[in-house]
Amino acid sequence: MQKTYYDPADLKKFGKISEWNEVLGAKFFDYYGKVFEEGVLTEREKSLIALAVSHTIQCPYCIDAYTGDGLQRGITKEEMMEALHVAAAIRGGATLVHGVQMMNKVNKLDM
């Protein structure tokens, strides 16, 4: 098996992250749990959003977690891929729109 920087086994250790600061760790996990509860959005919809965001921020642990979670919630591979394309379009657009900053700077310096 190929060893990578991101060890998939580390995902199971996520809950231990609060060991070095129990107060903040507990607050985070309370918040995290509340965020993913059924609300106006279903747990399924939240899982799909989380999967898309996971790819945008390029978190392999999150990608693993929300791919599995999504499959358990009945999200199809086609839905997953479409969500990824939405995330990629937003990320690409955000990169390009920041080009306005460059254009503004060039125009200012060319004056």
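## Annotated span

UniProt, in an unreviewed entry, lists residues 26-102 as "domain: Carboxymuconolactone decarboxylase-like". In the predicted model this span is 81% helix and 0% strand, and the C-alpha atoms at its two ends, those of residues 26 and 102, lie 42 Å apart.

## Nonpolar core

The largest nonpolar core has 9 residues in all, namely Leu48, Ala50, Leu51, Ala52, Tyr66, Ile75, Met80, Ala83 and Ala87. Two elements, α2 (43-56) and α4 (77-97), each give two or more residues to this core, and α2 gives the most, with 4 residues. As a general background, nonpolar side chains in soluble globular proteins tend to be buried together.

Tyr66, one of the residues of this core, is in contact with Ala50 and Leu51, which also belong to the core. Beyond its neighbours within four places in sequence, Tyr66 is also in contact with Tyr32, Phe36, Ser47 and Ser54.

Two packed helices are described by the angle between their axes and the distance between the axes. For α2 and helix α3 (residues 60-72), the angle is about 155° and the axes are 9 Å apart; because angles over 145 degrees count as roughly antiparallel, α2 is described as roughly antiparallel to α3. The crossing in which α2 passes α3 is left-handed. On the α2 side the residues that meet α3 are Ser47, Ala50, Leu51, Ser54 and His55, and their partners in α3 are Cys62, Ile63, Tyr66, Thr67, Asp69 and Gly70.

The axes of α2 and α4 come within 9 Å and cross at roughly 50°, which makes α2 oblique to α4. Here α2 passes α4 in a right-handed crossing, and the contact involves Arg44, Leu48, Leu51, Ala52, His55 and Thr56 of α2 together with Glu79, Met80, Ala83, Leu84, Ala87 and Arg91 of α4. Leu51 and His55 of α2 are listed in the contact with α3 and also in the contact with α4. Several residues of this α2 and α4 contact, among them Leu48, Leu51, Ala52, Met80, Ala83 and Ala87, also belong to the largest nonpolar core.

## Packing of α4 with α5

Between α4 and helix α5 (residues 99-110), the axes come within 4 Å and cross at roughly 10°, and the two helices are therefore roughly parallel to each other. The contact is made by Thr95, Leu96 and Val97 on the α4 side and by Gly99, Val100 and Gln101 on the α5 side.

## Buried serines

Ser54 lies in helix α2 and, because its relative accessibility is 3%, counts as buried. Leaving out residues up to four places away in sequence, Ser54 touches Cys59, Cys62, Ile63 and Tyr66; of these, Cys62, Ile63 and Tyr66 are also listed among the α3 residues that meet α2.

Ser18 is found in the segment before α1 (22-35) and, at 15% relative accessibility, also counts as buried, since the limit for that class is under 20%. With residues up to four places away in sequence set aside, Ser18 touches Gly25, Ala26 and Phe29.

## Loop residues

Leu41 is found in the loop between α1 and α2, where a relative accessibility of 37% makes Leu41 count as partly exposed. Its contacts, apart from neighbours within four places in sequence, are Lys46 and Ile49. The C-alpha atom of Leu41 is separated by 19 Å from that of Leu84, a residue 43 places away along the chain.

Gln58 has its place in the loop between α2 and α3 and, at 63% relative accessibility, counts as exposed. Gln58 and Gly92 are 34 residues apart in sequence, and their C-alpha atoms are 14 Å apart in space.

Technical notes
Residues numbered from 1 in each chain as written. Predicted model: local features only at pLDDT ≥ 70, side-chain atom pairs only at ≥ 80, totals over all residues. Heavy atoms only, no water. Buried < 20%, exposed > 50% of the residue type's maximum accessible area, 1.4 Å probe, protein only. Contact = heavy atoms within 4.5 Å. Core = buried A, V, L, I, M, F, W, Y, C linked by side-chain atoms within 4.5 Å. UniProt positions renumbered as here; feature names shortened; annotations may be inferred. Axes fitted to C-alpha atoms, helices over the stretch in contact; angles between N-to-C directions. Parallel < 35°, antiparallel > 145°, perpendicular 65-115°, else oblique. Left-handed = near helix turned anticlockwise from the far one by under 90°.
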